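Morning, everyone. Please have the sequence and the 3D view open while I talk.

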Amino acid sequence: FLLWTSYIVQIVGIDPAQLEAVRVTYANIFYLIALILFIGSWLIIQMHENRVYVETEREKAKDELSAKEAQLRMAMDNMPGAMIVVNSDLEVTSVNDAYAEYFGNRDGVVHVGASMRDILESEISRGLLSGEGTPEEILEERIQSLISGNEVTYEDKSSDGRYFQLSRKSAGAAHTVSVAI
């Protein structure tokens, strides 16, 4: 480019001082472009390193969460009682295997995501929950105990002669935990 500029200067007859000013301007533009490319390359490298760091940390967090979930599942499945956790929408968010052993699951209604209303209706219809009043009144009392978040204990005698003691307590974050022994 500078050669071309020199050739133009010779043909057109531009003053050499003006030519030097043009050369300095072009040199400054070149240095500015080089600086922009350097900074851009540096930013790309930093973004890549940050992405790798974030992905590594995400994997660590995921592994830690999986380990904690496995520990919680192990504790729930090996506790000496039935346990079910219900959210404020009365949906089961967690249930251990002992729950199905205690109360049965003939209707297939006991699972994560199930409606606690459906589970209670099934248990009442099979004579597993006792109480004063009609089955509908017993159901509504049990539903209200889930909604209220108050600590409550029920002692039930099933139609086959078994006794259950169920304790229900709010677990915060709009969840209720029920444990039966």
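Some ground rules. This is a predicted model, where local features need pLDDT of at least 70, side-chain atom pairs count only at pLDDT 80 or more, and totals for chains, interfaces and linings use all residues. Residues are numbered from 1 along each chain as its sequence is written, and side-chain values use heavy atoms, with hydrogens and water left out.

Now the terms for position. Helices (H or I, at least four residues) and strands (E, at least two) are DSSP runs, numbered from the N terminus. Buried means under 20% relative accessible area, exposed means over 50%, and partly exposed is in between (1.4 Å probe, protein chains only).

Start with helix H2. It covers residues 16-78. How many salt bridges are there by the rule used here? The count is 5. The rule asks for a side-chain nitrogen of Lys or Arg within 4 Å of a carboxyl oxygen of Asp or Glu. One of them joins the side chains of Glu 57 and Lys 60, at 3.2 Å from N to O. Both residues lie in helix H2, 3 residues apart, about one turn of the helix. Glu 57 is partly exposed, at 30% relative accessible area. Lys 60 is partly exposed too, at 44%.

Next pair. Arg 117 bridges to Glu 140, with the closest N and O atoms 3.0 Å apart. Arg 117 sits in helix H4 (residues 116-125) and Glu 140 in helix H5, so this pair ties together parts that are 23 residues apart in sequence. Arg 117 has 29% relative accessible area, which makes it partly exposed. Glu 140 is partly exposed as well, at 35%.

Then there is Asp 160 with Arg 162. Their closest N and O atoms are 3.1 Å apart. Arg 162 is partly exposed, at 32%.

On to the surface patches. A patch takes residues with over 30% relative accessible area and no salt bridge; like charges are joined within 9 Å, and nonpolar side chains (Val, Leu, Ile, Met, Phe, Trp, Tyr) within 5 Å. Which residues form the nonpolar patch? They are Leu 32, Leu 35, Ile 36, Phe 38, Ile 39, Trp 42 and Leu 43, with about 720 Å² of accessible area together. Areas come from the Shrake-Rupley method with a 1.4 Å probe. Leu 35 is found in helix H2. It is partly exposed, at 44%.

There is also a negative patch. Its members are Glu 55, Glu 59, Asp 63 and Glu 64. Asp and Glu count as negative here. Asp 63 belongs to helix H2.

Is Ser 145 buried or exposed? It is buried, because its relative accessibility is 7%. Ser 145 lies in helix H5 (residues 135-148). Its side chain makes a polar contact of 3.4 Å with the side chain of Tyr 154. A polar contact is a pair of N or O atoms within 3.5 Å; within protein, one must be able to donate a hydrogen and the other to accept it, and residues adjacent in sequence count only if both atoms are side-chain atoms.

Last, the loops. Leu 90 has a positive phi of about 60 degrees, although it is not a glycine. It is found between strand E1 (82-87) and strand E2 (92-95). Leu 90 is buried, at 13%. Gly 131 is in the loop between H4 and H5. It is partly exposed, at 47%.

Notes. The place of a charge is taken as NZ of Lys, CZ of Arg, CG of Asp or CD of Glu.
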